[in-house]
Amino acid sequence: MAKVSLNLVALGVTLLLLAETWAQRAKKSQVDSKPAKAGQCCEEVRSLKIQVANLTSLFGELSRKQETDLRNVVKQIMDLEKRNRQQEDRVTEAESKYSEINNRVEIIQLQSLQSATHTSSDAIYDCASLFTKNYRISGEYNLPKDEFLGTPELSVFCDMETNGGGWTVIQRRKVGLTSFNRDWKQYKTGFGSIRGDFWLGNDHIFRLTRQPSVIRIELEDWEGETRYAEYGYFTVGNELNSYKLFLANYSGNAGDSLRYHNNTNFSTNNKDNDKCLDDCASIRKGGYWYNCCTDSNLNGVFYRYGEHTRNADGITWYGWHGSTYSLKRVEMKVRPVGFHP
């Protein structure tokens with residue numbers, strides 16, 4: 001492109017010189033005492049016209065060449081940008097595949113552990129024990145069967161990031177396609193999808209909380225605001241004791257709406273264990289530690305935005321949005337009291 005510009009400058013200078021020469025010759029012919037012959041004057045004019053025409057043609061050709069060169073340069077830049085984007089996409093894809101493979105390797109290593117351990121210090125029965133063995137990726141894990149502890153093989157979802165990690169998720173509501181209006185047996189063994197909406201199962205929650213545990217409840221409303229409640233002491237009894245709930249030591253910003261359910265048995269639509277004349281599980285349409293009946297109803301009906309303002313059977317937490325606002329997302333998760341990240 002620099003070469004083309006120099007050619008254009010040289011052409012301009014040449015045209016100026018020709019114009020000046022032509023003017024001087026015309027002036028000289030006017031002051032000359034002896035007029036030039038008409039034929040000679042016409043011949044000079046014709047010669048100059050030919051030169052001007054040739055230079056004009058050359059100028060046009062150079063201009064067209066400059067435009068062509070410019071288009072070629074722009075096309076080359078666009079091609080380079082396209083290749084750069086393709087390269088970036090390949091790098092991103094490679095990083096994603098590496099992360100996925102790394103996560104799978106972690107899970108395969110976990111699943112290859114011995115199915116039975118001999119001491120409680122070697123046991124793997126929750127996400128906190130995985131965390132201490134350097135499993136730090138949030139996701140689904142298969143906990144091996146442990147004869148020493150009497151724990152079966154169990155698929156769990158581990159939150160290894162929130163507030164230090166090590167959380168075993170026992171309940172989640174976020175999609176709304178899984179009904180939580182289930183019977184006693186289903187709440188005992190668990191139901192739903194471990195990556196979607198699920199209840200881990202009262203038997204499993206009982207085993208997880210045989211050691212002193214903390215429960216964290218995370219809430220989100222339909223405006224995108226989030227709150228949480230933590231209880232520094234949380235345990236659930238066995239089936240003979242109707243999975244009775246005990247908790248204490250509230251902290252958080254959502255309000256203490258689970259305290260009302262302390263020291264209550266678990267109820268479902270076919271097993272009424274509440275402290276009320278009414279059948280709270282049937283009224284609130286979920287399995288829960290109903291008192292008479294609720295200050296919270298985290299296993300209630302999933303109502304989408306705008307459909308919950310007149311119902312008390314939704315996913316409610318009275319300390320935040322009251323009794324008729326059904327929340328968008330809920331997660332309940334536990335870890336041992338003595339856990340240290």
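**Rings and buried residues**

Student: Why is T316 called buried in this predicted model?

Tutor: The relative accessible area of T316 is 0%, and buried means under 20%, so T316 counts as buried. T316 has its place in strand β10, and, leaving aside residues up to four places away in sequence, it touches S296, N297, L298, G322, S323 and Y325.

Student: How do you know that W199 and F266 form an aromatic pair, and why is the pair called tilted?

Tutor: The structure holds 16 aromatic pairs, one of them formed by W199 and F266, with 5.9 Å from centre to centre and 35 degrees between the planes.

Student: Why is the pair of W222 and F302 called edge-to-face?

Tutor: The ring centres of W222 and F302 are 6.0 Å apart, and their planes stand at 70 degrees; since the cut-off for edge-to-face is over 60, the pair receives that name. W222 is in the loop between β6 (213–220) and β7 (226–236) and F302 in the loop between β9 (296–297) and β10 (316–317), so the pair ties together parts that are 80 residues apart in sequence.

Student: Are W222 and F302 buried or partly exposed, and how do you know?

Tutor: W222 has a relative accessible area of 21%, which is not under the 20% required for buried and not over the 50% required for exposed, so W222 is partly exposed. F302, at 12% relative accessibility, falls under the 20% cut-off and therefore counts as buried.

Student: What makes R182 a residue without a salt bridge?

Tutor: R182 is buried, and the nearest side chain of opposite charge, that of D183, is 7.4 Å away, whereas a salt bridge needs a nitrogen within 4 Å of a carboxyl oxygen, so no salt bridge is counted for R182. A polar atom of the R182 side chain does lie 2.7 Å from the backbone oxygen of S179, and this is within the 3.5 Å cut-off of a polar contact.

Student: How do you know that the charged end of R182 sits over a ring, and which ring is it?

Tutor: The ring is that of F191, whose centre is 4.5 Å from the charged end of R182, a value within the 6 Å cut-off. The charged end of R173 likewise sits over a ring, that of F180, at 3.8 Å from its centre. F180 and F191 both belong to one aromatic cluster, which also includes Y187, W199 and F266.

Student: Why is Y187 called buried, and what does its side chain reach?

Tutor: Y187, placed in helix α4, has a relative accessible area of 0%, which is under 20%, so it is buried. Its side chain reaches the backbone nitrogen of G287 at 3.1 Å, and the residues that Y187 touches include R182, W199 and F266.

Terms used: Residues numbered from 1 in each chain as written. Heavy atoms only, no water. Phe/Tyr/Trp six-rings, centres within 6.5 Å; stacked < 30°, edge-to-face > 60°. Helix = DSSP H or I, 4+ residues; strand = E, 2+ residues; numbered from the N terminus. Buried < 20%, exposed > 50% of the residue type's maximum accessible area, 1.4 Å probe, protein only. Lys NZ or Arg CZ within 6 Å of the ring centre and 35° of its normal. Contact = heavy atoms within 4.5 Å. Lys, Arg positive; Asp, Glu negative; His and termini not counted. Polar contact = N/O pair within 3.5 Å; in protein donor to acceptor, adjacent residues only side chain to side chain.
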